[in-house]
Amino acid sequence: LVAEIESYIQEMGQFHRLVIRYDVRQEKLVESLRKVFKYLHRLSVYVRPIRLEQVRSHFAVGHALTQDNISEMNELAGWAWVAGDSSRADLDAQAAQLNDLTPEELLDAAQTIFKPENLVISVERDPEAVQEDLGEVFQELRELL
């Protein structure tokens, strides 16, 4: 589940919202939401250096493949234009920034992002399969952050 969440974390919109999207079987919805939030909570409390190294190598491989994909390069250029930051389209600059990142800096960023006031939870569900009151679950999850 954690790998699936990480693979779908993306930046969206003009205001650079962080979107985490994943699919799960309806009968596992509540259990899955709890796992996701425990993971986010852990990210805002402690970042293991080895985990950061895994992210660096995942990023390096992904960006190497991006260079062979014209639509991915166009998307990077588009985000750079929207953000007014040309370094966002420079893969070498991004790799250098990631290599300079420390676990402490990542922890500071996580604590800034994962706040209840910044959080919007959107769930598509089948009311027949998931009959629990999700309002209570969402309140419980917000209190984790």
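The side chains of Arg56 and Glu53 form a salt bridge at 2.4 Å, N to O, where a salt bridge is a side-chain nitrogen of Lys or Arg within 4 Å of a carboxyl oxygen of Asp or Glu. This is a predicted model, in which local features need pLDDT of at least 70 and side-chain atom pairs count only at pLDDT 80 or more, while totals for chains, interfaces and linings use all residues. Residues are numbered from 1 along each chain as its sequence is written, and side-chain values use heavy atoms, with hydrogens and water left out. Helices (H or I, at least four residues) and strands (E, at least two) are DSSP runs, numbered from the N terminus.

**Arg56 and helix H3**

- Arg56 and Glu53 both belong to helix H3 and stand three residues apart, about one turn of the helix.
- At 13% relative accessibility, Arg56 counts as buried, whereas Glu53 is partly exposed, with a relative accessible area of 45%; buried means under 20% relative accessible area, exposed over 50%, and partly exposed in between (1.4 Å probe, protein chains only).
- The side chain of Arg56 also reaches the backbone oxygen of Leu101 at 2.3 Å. A polar contact is a pair of N or O atoms within 3.5 Å; within protein, one must be able to donate a hydrogen and the other to accept it, and residues adjacent in sequence count only if both atoms are side-chain atoms.
- Leaving aside residues up to four places away in sequence, Arg56 touches Leu98, Asn99, Asp100 and Leu101; contact means heavy atoms within 4.5 Å.

**Helix H5**

- Helix H5 (residues 91-100) has Leu91, Gln94 and Leu98 as its buried residues.
- Seen down the axis of H5, these buried residues fall within an arc of 60°, so they line one face of the helix; the arc is that of the directions from the helix axis to the C-beta atoms.
- Asp92, Gln97, Asn99 and Asp100 are exposed on the other side of H5.
- Helix H3 (49-66) and helix H4 (70-83) are included in what covers the buried residues of H5.

- Leu134, Val137, Phe138 and Leu141 are buried in H7. Viewed down the axis of H7, its buried residues fall within an arc of 100°, so they line one face of the helix.
- The buried residues of H7 pack against H2; Leu141 touches Leu33, Arg34 and Phe37, not counting residues up to four places away in sequence.
- Glu136 and Glu143 are exposed on the face of H7 turned away from its buried side.

**Other salt bridges**

- The count of salt bridges comes to four.
- Lys35 and Glu31 meet through their side chains in a salt bridge (3.4 Å, N to O); both lie in helix H2, four residues apart.
- Lys35 is partly exposed at 45% relative accessible area, and Glu31 is partly exposed at 39%.
- A salt bridge also joins the side chains of Glu27 and Arg25 (2.8 Å, N to O), and both residues are exposed.
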